[in-house]
Amino acid sequence: MKYFFLVLLTYVLLFHSTDVRGQTIAFAIADKQPTADGSGLTFDVTLASTSSFKLGSGLLYFNYNTAAFGPNVVANGRMTISYPDGAVLGQTAGFPVYRDFVQNDNTESRFAFSFQQGLSAGSIPEDNITGTPAVLFRVTLAYETGGETQPDDICFESSDVFDDQFFTACGPDGLGFPDCFGFPGTQLTDDVFNCAADALPVEFLAFTAAPAGKQVQLRWTTTNEQNNDFFAVERSEDGDTFIPIGTVTGAGTTNLERHYESWDDQPHSGLNYYRLKQVDFDGSYTYSDVRAVQLSSAVLAVSVYPNPASVDLNIRFSNVAEQGTVQLLSSAGQVVREQFLAEGLAELRLPVQQLPSGAYWLRATIGSQNSMHKVIITR
């Protein structure tokens, strides 16, 4: 793998000017937060510069904690790259502006990501790197079993060997494909890397949702709030589409531990999902993890074993007087397995060996009766 990146670096140096542009480019890790289903972590990689320019090619390295994500995240399929709306590397101008996206394991605890131009500098409408940090791309890393309790230690690798791998766009100035030999870009050699920018505007120490009679009580505790205007409490029936049901004023900026509470006076019968939308004074926002609460007047007698499970879940019923369904839901409420129950069925086996490790909800429904069980799938 190291040989591959040496070849790539040689190509970049051969087909770009070795002139040095005297400006500072600043990389940062931003908007780091758990994925919606809690199975991993996502963050954006941003770039800003003291002088505006059109981006050409680049190569970055990232270190991470294998206790959180396991070793060799690329080879093991635990890392994905995406390009949210407005991301520089997702830019198009008739054709994709950037191509040859390469991701690989550099060591068991470091991965590399590189890209090249797909169009000439003249095809890029305007400078896409300015003094305002722009999102280049988004990284999602899947947790190893129990990894969510470990520090992620995500940071750029920066040293003489790994720095100075970015270039301005090569030409020509007209529309078309790049000619980096005839119209080379400029190497940028004043790199600044910021891993501390991953701090969320609000750190959640705890967030719970629990039934209280016909209501649901939501409590959360924060620390180190930065410019926190308010929290919007949101509810969902399916774990996908959320609606606001109330707001709670934030503490602005404080490093003290703060405790909050809100009530849902009209929850749905059955499963309810809750999350908090934390909104800053400038309108930017982040989300908390999702919590699920089951409300039902009729409970179906069901036992589930083994739990944790790695191959099959065995589900035992009593008094199944009519047809029903069994669903296995992710922590975000998505149905990942579903089987129908025949009248009189006493036991059902649900295969789970193909599912990722993590926490799930098992929901059994027979007529007006429901039963919810939290289950853990391990490898």
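Mentor: On a 1 Å grid over the protein atoms alone, a pocket is an open set of points with protein on both sides within 12 Å along at least five of seven lines, and lining residues have an atom within 4 Å of a point. The model is predicted, so local features need pLDDT of at least 70 and side-chain atom pairs pLDDT 80 or more, while totals for chains, interfaces and linings use all residues. Residues are numbered from 1 along each chain, and side-chain values use heavy atoms, without hydrogens and water.

Trainee: Which residues of the lining lie nearest the centre of the largest pocket?
Mentor: They are Asp 37, Gly 38, Ser 39, Ser 331 and Ala 359, in a lining of 30 residues. Strand β26 (358-366) is one of the elements that supply at least two lining residues, and β26 gives the most, with 4. Strands here are DSSP runs of E of at least two residues.

Trainee: What makes the pair of Phe 95 and Phe 177 tilted?
Mentor: Rings of Phe, Tyr and Trp (its six-membered ring) pair if their centres lie within 6.5 Å; planes under 30 degrees apart count as stacked, over 60 as edge-to-face and the rest as tilted. The centres of Phe 95 and Phe 177 are 6.0 Å apart and the planes stand at 55 degrees, so the pair is tilted. Phe 95 lies in strand β6 and Phe 177 in the loop between β11 and β12, 82 residues apart.

Trainee: Why does Phe 177 count as exposed?
Mentor: Buried means under 20% relative accessible area, exposed over 50%, and partly exposed in between (1.4 Å probe, protein chains only). Phe 177 has 57% relative accessibility and therefore counts as exposed.

Trainee: What makes the pair of Phe 156 and Phe 193 tilted?
Mentor: Their ring centres are 5.4 Å apart and their planes stand at 45 degrees, so this pair is tilted. Phe 156 is in strand β10 and Phe 193 in strand β12, so the pair ties together parts 37 residues apart in sequence.

Trainee: Why are Phe 156 and Phe 193 classed as they are?
Mentor: Phe 156 has a relative accessible area of 5% and is therefore buried. Phe 193, at 21%, is therefore partly exposed.

Trainee: Where does the charged end of Arg 275 sit?
Mentor: A charge sits over a ring if NZ of Lys or CZ of Arg is within 6 Å of the ring centre and within 35 degrees of the ring normal. The charged end of Arg 275 sits over the ring of Tyr 287, 3.9 Å from its centre. For Lys 277 the ring is that of Tyr 285, with the centre 4.2 Å away.

Note on methods
1 Å grid on protein atoms, 1.4 Å probe; cavity = no way out; pocket = protein on both sides within 12 Å on 5 of 7 lines; lining within 4 Å.
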